[in-house]
Amino acid sequence: MYKKESAFISAVVYASNNTDKLLGFITDLFNEMEKHFTNYEIVIVDNCNPDIEPVKNALAAKISISDSITIVRMSEVQSLEACMRAGVDVAIGDFVYEFEGINYDFDTDAIWEAYQKAQKGYDIVNAEIKNNSLSRTMYYDIFNKFSRSQYNLYAVAFRLVSRRTINRIISLDLDIDWRNAAYANCGLQSGSIEYGSKASPKKNRDIFLAIDSFLLYTDLPKKASLWMGIIGGILVVFNIIMSALASKWSSVAFNISLSLCMVIVIMLLMMLVCYLSLLLRTTDSRKKYLVDGIEKLQRAKE
């Protein structure tokens, strides 16, 4: 039997169009929290789910007076990252579990294992899923190869972060459109446990977030621009040599002009990449989210 921990624990759960499984997930999560922790809360982020009311009513009938459930209602359908930011901002725990989906298998003891890992000095603990689709595997392999972080990233079933991590992200004003990368780059110690199930086949993020992540957190754009410049230079030299050997000086002038135009286009592309990277780092418009209301769930009257 576990000795219950006295630290206050929050669990933020993203709820989209998955109402049929949400009630069971929250019930099991409550049981898991009760098993290990004395003080805890669950924050449900409702991303405009039209069927959330039956779940809310069922939970109100189940919870006790001391149980704490908060529902954050987004005012319009927003990205997963924006919803999770809203939930984490509302959470008050010393440690915060982040569940981006409700496919977690409660037959495992990974929730407790993650907390034990955090007690060893890790401010971020990822329950990593190594069994991924080919596209996910390729994405993470490329990202990790060019990443500026000392930690490799993988798909996660859930994440546990300390209050110090959340405060540091805020103080550093890091762009957190992809929290996995932002946490890895915040400077605090990150650890992982292995979660054996497969990643969800549903992709909650789009291609634009992948592009943003490469611009913000990897050296791939810089290295790609460098290689484009090198290739452009090689083409200039090659055209000049070939034209000179053919003794067609008019053709030499034409090819020089053409090559210079190519170099200018490449330089413009490099400048555009740098500008986009700078824009992504400095803008704060993408860090905002719209919340319609925050509701503290009360036990239904007998």
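Lysine 56 and glutamate 53 pair through their side chains in a salt bridge, with N and O 3.3 Å apart. The model is predicted. Both residues sit in helix 2 (residues 52–62), three residues apart, about one turn of the helix. Lysine 56 is buried, because its relative accessibility is 14%. Glutamate 53 counts as partly exposed at 34%.

Lysine 56 also forms a salt bridge with glutamate 295, again listed at 3.3 Å from N to O. Lysine 56 belongs to helix 2 and glutamate 295 to strand 8 (residues 291–296), so this pair ties together parts 239 residues apart in sequence. Glutamate 295 is partly exposed, with a relative accessible area of 24%.

Arginine 73 is another partner of glutamate 295; their closest N and O atoms are 3.1 Å apart. This pair links distant parts of the chain, with arginine 73 in strand 3 (residues 69–74) and glutamate 295 in strand 8, 222 residues apart.

| Salt bridge | N to O distance |
|---|---|
| Lysine 56 – glutamate 53 | 3.3 Å |
| Lysine 56 – glutamate 295 | 3.3 Å |
| Arginine 73 – glutamate 295 | 3.1 Å |

These residues join a network of salt bridges made up of Asp46, Glu53, Lys56, Arg73 and Glu295. The structure holds nine salt bridges.

Aspartate 46 lies in strand 2 (residues 37–46). Aspartate 46 is buried, because its relative accessibility is 4%. Its side chain reaches the backbone nitrogen of asparagine 49 at 2.7 Å. Beyond its neighbours within four places in sequence, aspartate 46 contacts Ala15, Ile52, Ile71, Val72, Arg73 and Met74.

Next, the cysteines. There are zero disulfides in the structure. For cysteine 48, the closest cysteine sulfur is that of cysteine 83, at 7.9 Å, which is too far for a bond; the cut-off for a disulfide is 2.5 Å. Cysteine 48 is partly exposed at 29% relative accessibility. Cysteine 186 is buried at 1%.

Isoleucine 234 is exposed, because its relative accessibility is 53%. Together with Leu226, Trp227 and Ile230, Ile234 makes a nonpolar surface patch of about 440 Å². Lysine 223 lies in helix 9 as well. Lysine 223 is partly exposed, with a relative accessible area of 40%. The C-alpha atoms of lysine 223 and phenylalanine 146 are separated by 9.0 Å, though the two residues are 77 residues apart along the chain.

Methods
Residues are numbered from 1 along each chain as its sequence is written. This is a predicted model: local features need pLDDT of at least 70, side-chain atom pairs count only at pLDDT 80 or more; totals for chains, interfaces and linings use all residues. Side-chain values use heavy atoms; hydrogens and water are left out. Helices (H or I, at least four residues) and strands (E, at least two) are DSSP runs, numbered from the N terminus. Buried means under 20% relative accessible area, exposed over 50%, partly exposed in between (1.4 Å probe, protein chains only). A polar contact is a pair of N or O atoms within 3.5 Å; within protein, one must be able to donate a hydrogen and the other to accept it, and residues adjacent in sequence count only if both atoms are side-chain atoms. Contact means heavy atoms within 4.5 Å. Patches are made of residues with over 30% relative accessible area and no salt bridge: like charges are joined within 9 Å, nonpolar side chains (Val, Leu, Ile, Met, Phe, Trp, Tyr) within 5 Å. Accessible areas come from the Shrake-Rupley method with a 1.4 Å probe; for residues, only the protein chains shown count as cover. A salt bridge is a side-chain nitrogen of Lys or Arg within 4 Å of a carboxyl oxygen of Asp or Glu.
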